[in-house]
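Biologist: I'd like to learn how to read a chain–chain interface. Could you walk me through one?

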Amino acid sequence: MINVIIDGIKVSAPDNASILQAAELAGVKVPTLCYHPDQAIKANCRVCVCEVEGLPLLQAACSTPIRDGMVIRTNTPAVIEARRTILQLILAHHPQDCLNCIRNKNCELQALAEQYAIRENPFELMVRGLPRDTSTPSIVRDPDKCILCRRCEYACSEFQSVNALGLENRGNHAMIVPSLGKDLLESPCVMCGQCIHACPVGAIHENEEIDEFLAAVADPDKIVVTQMAPAVRVAIGEEVGMATGDMDMNVLVTALRQIGFDYVLHTNFTADLTILEEGNELLKRVKEGGKLPMFTSCSPGWINFCETYYPDLLDNLSTCKSPQQMFGALVKTYWAEKMGVDPSKIYSVSIMPCTAKKFEAARPEMNSSGYRDVDLVLTTRELGRLFRMTGLDFSRIAPGKFDSWMGAYTGAAVIFGATGGVMEAALRTVYEVVTGNELKDVNFTFARGMEGIKEAEIDLNGLKVRVAIAHGLANARKVMDQVRAGESPYHFIEIMACPGGCIGGGGQPITKSNAKRAERIEGIYKEDEGLLLRKSHENPEVIQIYEEFLHEPLGHKSHELLHTHYHDKNKKFL
Amino acid sequence: MAEELRLVLKNFGKINPLKVEDYLSAGGYKSLEKARSMNPLEVVEVMKKSGLRGRGGAGFNTGQKWFFAHNIQADEKFVVCNADEGEPGTYKDRIIMENDPHIVLEGMAICGHAIGATQGYIYCRGEYPGVVDTLNTAIAQAKEKGLLGDFNIEVRMGAGAYVCGEETALIESIEGNRGEPRFRPPYPPVAGLWQKPTIVNNVETFANVAQIIEKGAEWFAGIGAKSFPGTKVLTLTGDINKKIFIEVPTDTTIKEVVFGFGGGIPDGKKFKAVQIGGTSGGFIPEEFIETTIDFDSMRKIEATLGSGAVFVIDETRDIVDVVTRIAKFFEHESCGKCAPCREGTMRVHLLMDRINDGKGSQADVALLKKLSRVMASACLCGLGQAAPTPVVTTINHFGMDYHAKVQ
Ligand SMILES: Cc1cc2nc3c(=O)[nH]c(=O)nc-3n(C[C@H](O)[C@H](O)[C@H](O)COP(=O)(O)O)c2cc1C
Ligand code: SF4
Ligand code: SF4
Ligand code: SF4
Ligand code: FES
């Protein structure tokens with residue numbers, strides 16, 4: 001430990017601590033913009049500068065290591081002058097657009113402008129006037145708002161190994177641009193939205209489609225049906241002032257009805273269904289010598305990544321559609337039939353933690369119901385806005401119930417929301433299918449947690465299955481390179497594009513750290529534990545749909561509605 | 001009148017730079033041999049005691065710098081010669097390398113022995129293709145004769161960005177990355193090229209090494225100014241009669257440089273100011289020209305010695321216009337990494353332009369002063385920190401010129 005004095009406060013901090021970390025221990029708040037707790041230090045915004053006794057220049061708190069006896073001052077006139085001037089410089093190059101901005105009240109720059117009482121700016125406003133990039137259905141870039149902190153670049157390259165964003169030009173012409181193409185659609189971008197979480201301002205955001213939703217609700221001819229992904233519940237509370245994980249599922253059902261949904265169903269239902277289809281697909285591949293290892297296919301950012309960077313391994317992907325798309329295909333066939341409604345009137349809206357799901361829903365092949373299977377995808381953040389818009393008071397909402405036929409679910413579906421969840425859910429079912437015995441302890445704890453790559457060997461009555469789990473595409477790349485080299489020891493690999501799995505998806509409430517992701521994961525397993533049914537094949541509505549409609553996993557109907565194929569994106573970025 | 005003292009340039013015009021035999025017969029590579037007979041720490045100690053300070057601008061004690069790298073255990077260390085020479089009006093490194101390449105190679109090899117490095121790089125300005133050829137010939141000849149022993153030297157070409165002369169941007173550039181400075185600490189002697197201990201020294205710094213080993217620390221410490229001993233190669237440009245390069249002891253005064261060696265101002269005009277050390281140097285008015293050029297004396301008058309460029313302007317020049325053009329240079333050369341420089345250099349240029357066009361106000365001048373203060377203390381690298389110096393020094397010394405232009 002090293003002793004330093006910060007603003008007169010004595011504090012001991014670890015040997016390798018920065019001034020910023022030491023200040024935190026001393027309870028002194030130093031402002032930051034380019035700093036991100038899970039990323040390498042960049043030290044480019046300079047708003048964290050402090051005075052260090054004996055040094056002539058101000059020192060960036062985020063990048064400067066402490067030394068024994070260092071005397072640091074974070075609030076001298078020179079420091080305040082520097083911070084305010086730097087903020088003014090940045091703001092003079094930034095649209096004064098807070099009122100209309102998607103990050104209004106959730107922006108690090110806005111917060112600092114408020115904190116440092118920035119009023120009139122002596123530097124005249126000069127906005128670059130760069131065009132917005134709306135080329136993808138998922139992600140919008142607004143380069144005028146970019147403050148060049150380069151956190152997105154880091155997230156895309158280091159967390160995701162996609163390298164879709166890079167810096168071009170020098171000086172005040174420098175800007176973040178999509179690499180290898182004129183826009184994001186041409187770039188290798190997989191639409192995971194991790195750059196959105198990294199961005200301190202509104203320079204990258206989801207393609208917001210609230211207006212489409214409001215129009216559908218206003219249309220009396222439309223039956224507006226929703227499905228909601230398992231990762232939404234644990235995080236949506238953060239959007240309406242509740243603690244992570246605190247939103248009650250049944251309260252949520254009522255709230256969804258109040259904002260205009262005619263029927264509230266659950267993606268969890270098709271998550272359970274996915275386990276039956278995918279579990280059986282795996283067993284079939286193992287028995288019949290099909291392509292192995294088999295990869296999960298429920299993360300559309302991951303699918304985009306595989307199609308872009310590993311087109312040679314597309315046959316290893318499970319042919320199962322994602323739960324969202326299975327749901328979409330069934331709601332306009334099976335459910336419409338059960339309800340006796342005209343499928344052409346159904347407007348199917350999914351609520352997802354994911355930006356890539358917007359792209360997935362728009363894929364031309366996703367119309368096996370005869371219509372576009374999922375009409376609209378709203379992210380958790382967009383749902384949060386709708387809740388706030390309608391002024392719901394969650395403390396007074398009475399719990400409601402999911403509607404029938406595609407609303408029941410088990411704990412196995414719930415854990416889809418966390419990294420390792422699909423694997424654990426699959427093992428719960430596959431174990432019982434293969435061994436014929438009851439699985440007493442359903443908890444496969446090796447599969448849980450934030451470690452980048454997890455693996456295990458599972459003994460199913462002598463049938464040894466080796467499995468791996470990767471989340472975050474940089475981890476996926478490691479596993480994939482092994483497969484490509486023919487050195488993969490695994491039978492089954494779960495891959496989620498986003499760090500932490502769907503709970504860290506690009507559409508979730510802005511997530512500034514992995515610590516927040518871990519908190520959400522906790523919420524997921526707590527929910528699973530509280531449920532009576534925790535194995536997908538015990539879901540009564542799933543049992544029913546096989547009896548009445550699908551007949552058997554991997555059967556003719558399943559093939560038609562629940563499975564898909566993949567395309568080489570032919571981007572040639574290898 | 002003061003006289004030149006050619007130490008670094010001792011072989012200038014006397015040897016054929018393309019013939020290593022010439023350098024050898026002038027006593028070349030003897031110092032390397034001598035250094036190799038000493039233990040590395042001894043070499044470092046001699047360098048420290050000599051008081052040699054970097055000739056690239058920052059003026060850091062060379063032996064002290066080597067000591068840091070010497071002191072660290074690492075599987076690999078590097079010696080890098082900064083030959084980027086991007087400073088407009090500066091060409092002293094070119095003169096040295098063109099005329100006596102081996103003196104630089106020898107200095108680098110001695111450094112390699114002192115810190116325990118076997119690989120060296122010369123990062124040479126892209127606009128100097130002829131120099132690159134000369135260096136490569138010299139390296140090949142020295143290798144053929146086995147003069148460098150196990151020390152290897154490779155020449156890398158710069159891509160024309162001014163900021164790549166900054167040592168950490170230079171390192172990034174050699175690594176094949178965008179030429180952007182790194183934050184410090186860690187400093188290159190601790191973690192430089194590929195995060196290994198790395199010594200980056202200027203061409204002229206390396207050119208001083210062999211003679212120090214040969215003649216001893218005391219000899220060198222006795223030349224020129226006490227706190228910044230030795231000589232300095234200067235290049236004279238602007239409104240001056242003799243646009244020449246000279247090598248003088250560091251206790252030479254500015255007046256001797258401009259009016260003695262430079263022959264004063266042409267056409268009988270009067271001296272207005274001199275900017276020393278390159279584009280980011282301070283402008284020095286007449287009242288300070290008795291100052292000696294050594295680092296510390298210059299610092300006292302808010303000026304620099306820097307690379308040794310001496311740019312003189314006469315009474316007929318519009319100094320606000322001159323500084324406006326300098327501001328434009330820095331706006332163009334900012335790498336764009338850090339906010340105060342990326343935005344600040346652009347604003348400084350804008351404000352200077354406005355004042356220069358007669359559209360500025362006293363408030364603009366005040367804003368320039370504040371902005372300069374912030375940039376000088378908060379920018380990530382020396383470029384942004386020094387960019388406002390010409391502005392501040394001219395506002396301070398030639399306030400009337402600004403006053404005449406603002407409304
Ligand atoms: C913007 C900028 C440009 C620089 N350009 C050069 C250069 O062209 N040549 C040089 O030797 N040093 C240059 N320097 C200084 C180097 O960063 C470094 O201090 C020097 O190479 C160290 O060598 P020395 O100790 O021998 O002076 C520059 C510094 C800055 C901030
Ligand atoms: S959406 Fe994902 S892949 Fe696309 S730019 Fe952002 S981080 Fe990179
Ligand atoms: S887009 Fe956002 S995250 Fe990326 S550099 Fe700009 S401000 Fe930073
Ligand atoms: S001070 Fe200027 S040149 Fe240096 S890092 Fe900052 S932007 Fe780049
Ligand atoms: S937070 Fe330290 S420089 Fe940006």
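Biologist: How many residue pairs are in polar contact across the interface of chain A and chain B?

Modeller: A polar contact is a pair of N or O atoms within 3.5 Å; within protein, one must be able to donate a hydrogen and the other to accept it, and residues adjacent in sequence count only if both atoms are side-chain atoms. Here the rule finds 16 such residue pairs across the interface, both residues at pLDDT 80 or more. This is a predicted model, where local features need pLDDT of at least 70, side-chain atom pairs count only at pLDDT 80 or more, and totals for chains, interfaces and linings use all residues. Residues are numbered from 1 along each chain as its sequence is written, chains are lettered from A and ligands numbered from 1 in the order in which they are written, and side-chain values use heavy atoms, leaving out hydrogens and water.

Biologist: And how many salt bridges are there across the interface?

Modeller: You look for a side-chain nitrogen of Lys or Arg within 4 Å of a carboxyl oxygen of Asp or Glu. That gives four between chain A and chain B. One of them pairs Glu81(A) with Arg373(B), with the closest N and O atoms 2.7 Å apart.

Biologist: Is Asn44(A) buried or exposed?

Modeller: Buried means under 20% relative accessible area, exposed over 50%, partly exposed in between (1.4 Å probe, protein chains only). Asn44(A) has 3% relative accessibility, so it counts as buried. A polar atom of the Asn44(A) side chain lies 3.1 Å from the backbone oxygen of Cys149(A). Contacts (heavy atoms within 4.5 Å) of Asn44(A), leaving aside neighbours within four places in sequence, include Leu148(A), Lys337(B) and Pro340(B).
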